[in-house]
Amino acid sequence: MKATHHLLAMTLLTIVGMPSAMAAEPGMTYASLQDLPDFAGSWTPLTPPFVLAAVSTRPTAPPPSTPAGLADVTCTGPSTLRPEAITSCRSFITAARAARPGDRDYCARRTFTGQPSRGAGGSIEVLLTPGQVTLSVESGLTRRIYLRDRPPPGALDESFSGTSIGRWDGKTLVVETSGLDPKAMFLPGTGIGSQASVRERITLKDADTLEIESTLTAPAILTAPLVSRQDYRRARDRIFTPFDTCVQGDRSFDQKSGRDQFDATPPADLPPPPGN
Amino acid sequence: MQSTSRSALLLCALGATPVSVAHHSYAMFDESGTRTVSGTVAKLEWKNPHVFIWVYVPSQATPGKYDLWAFENGSPSVLTRHGWSKEVLKAGEKITMEYWPLRSGSIGGHCEKAMRSDGQVLQCPSDLGRR
């Protein structure tokens, strides 16, 4: 009986002792979350200055009418982009332009860890819980950053989120991500390839500005790591709604045909016209 | 695309290309000629990926009646950055819309500016690239 009690006591000590050691690290207990920078909540991207509008809605020249012309303006990137990546992109653009709209995969996920957020669908929500930081991107990517030394068992399946391990370096959250899906799209028709990884430094620049510096290493398509920075402004009152290329109720895009549309079906709850 | 924006694009460089960014093409809108129309806000439809502004406009074809116009706008995420909110426009308020018309000739188009009766101008994202 005594031996049994001793064994039980030792087991309890071991169980209690393990979390105690881990609890010494910031972010591992609810109490320690109070000492961390206030990342929690909603953030909307600040930079680069309005990429979406300039690209998609106000071209200074008519859009290219030929596949080759479209490939010229689409298949561009940093100087470290490998020529074969550009070739792959150009081939995809040419093929996609030749295909019937219904043949294209419009619902393909276009966001991956390490890709700077864009204007539309680029807002994020950050949730701090003991041992984990969860980062939800408006356009559909959910990232779980585990505060530990190595990936949890079974977490190495490739995905667009990858497997993220984080640690606090003072007031900066440093995140290392591996296990990224090689098909994650860098350019149209061109994935990031195998052995890609991302290192991020997430810092609160001031009370309402969050900076994410991201370094993407993708040897299959880049000859050198690519560093980008994205600032976010705090948006405490932001209500998130679904955003995706295949979001339900998209008035500007018909998912079935793959064609643009302008769906002017009035909402059901409109008030009557003036004077009625 | 303006040169400054393109530079920013290339610096960031991760998928920020016309094809990957554009949610859909804007070929349905005639960007060559901005038009203006005034009316009464029916609803600000605040949803992704495009906010829509619904406006009752006095009908030219049927005097005394109203036509319902629809104006596509940016996403809530983008609009929030430029001063918009879900409550910024109220049903019943007077408004003047600057817009790109639909090439189809249907009423409505893509919002460029929404001008309130008190003089406040709400910039629509489509216009920002020209600043």
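1. Strands E5 (residues 163-169) and E6 of chain A run antiparallel and are joined by 7 bridges. Helices (H or I, at least four residues) and strands (E, at least two) are DSSP runs numbered from the N terminus, and two strands pair if DSSP finds at least two bridges between them. Within this pairing, A:Ser164 has A:Thr177 in E6(A) as its bridge partner.

2. On the basis of the values: this is a predicted model, in which local features need pLDDT of at least 70, side-chain atom pairs count only at pLDDT 80 or more, and totals for chains, interfaces and linings use all residues. Residues are numbered from 1 along each chain as its sequence is written, chains are lettered from A and ligands numbered from 1 in the order in which they are written, and side-chain values use heavy atoms, with hydrogens and water left out.

3. E5 and E6 of chain A belong to a closed barrel of 9 strands, which runs E1-E2-E3-E4-E5-E6-E9-E10-E11 with mixed pairing. From one strand to the next, the twist averages 30°; axes are lines fitted to C-alpha atoms, for helices over the stretch in contact, and angles run from 0 to 180 degrees between N-to-C directions.

4. Strand E6 (residues 172-178) of chain A also pairs with strand E9 (residues 197-206) of chain A, in the antiparallel sense and over 5 bridges. Here A:Glu176 has A:Arg199 in E9(A) as its bridge partner.

5. E9(A) pairs in turn with E10(A), again antiparallel, over 9 bridges. The two strands form a hairpin with 2 residues between them. A:Thr203 stands opposite A:Glu211 of E10(A).

6. A:Glu213 is found in strand E10 (residues 209-217) of chain A. Is A:Glu213 buried or exposed? A:Glu213 counts as buried because its relative accessibility is 19%, where buried means under 20% relative accessible area, exposed over 50% and partly exposed in between (1.4 Å probe, protein chains only).

7. Which side chain makes a polar contact with the side chain of A:Glu213? The partner is A:Arg229, at 3.1 Å. A polar contact is a pair of N or O atoms within 3.5 Å; within protein, one must be able to donate a hydrogen and the other to accept it, and residues adjacent in sequence count only if both atoms are side-chain atoms. With neighbours within four places in sequence left aside, A:Glu213 is in contact (heavy atoms within 4.5 Å) with A:Arg199, A:Glu200, A:Arg201, A:Val227, A:Ser228 and A:Arg229.

8. A:Ala95 is found in helix H5 (residues 83-98) of chain A. With a relative accessibility of 46%, A:Ala95 counts as partly exposed. A:Ala95 and A:Gly189 are 94 residues apart in sequence, while their C-alpha atoms are 9.8 Å apart in space.

9. Over all chains, the structure holds 2 disulfides, each defined as a pair of cysteine sulfur atoms within 2.5 Å. One joins A:Cys75 to A:Cys89, S to S 2.0 Å. This pair links distant parts of the chain, 14 residues apart: A:Cys75 is in the loop between helix H4 (67-74) and H5 of chain A, and A:Cys89 is in helix H5 of chain A. The disulfide is left-handed because the torsion about the S-S bond is about -80°. A:Cys75 and A:Cys89 are both buried.

10. In chain B, B:Cys111 and B:Cys124 form a disulfide with their sulfur atoms 1.9 Å apart. B:Cys111 lies in strand E5 (residues 109-116) of chain B and B:Cys124 in the loop between strand E6 (121-123) and helix H4 (125-128) of chain B, so the pair ties together parts 13 residues apart in sequence. B:Cys111 and B:Cys124 are both buried.
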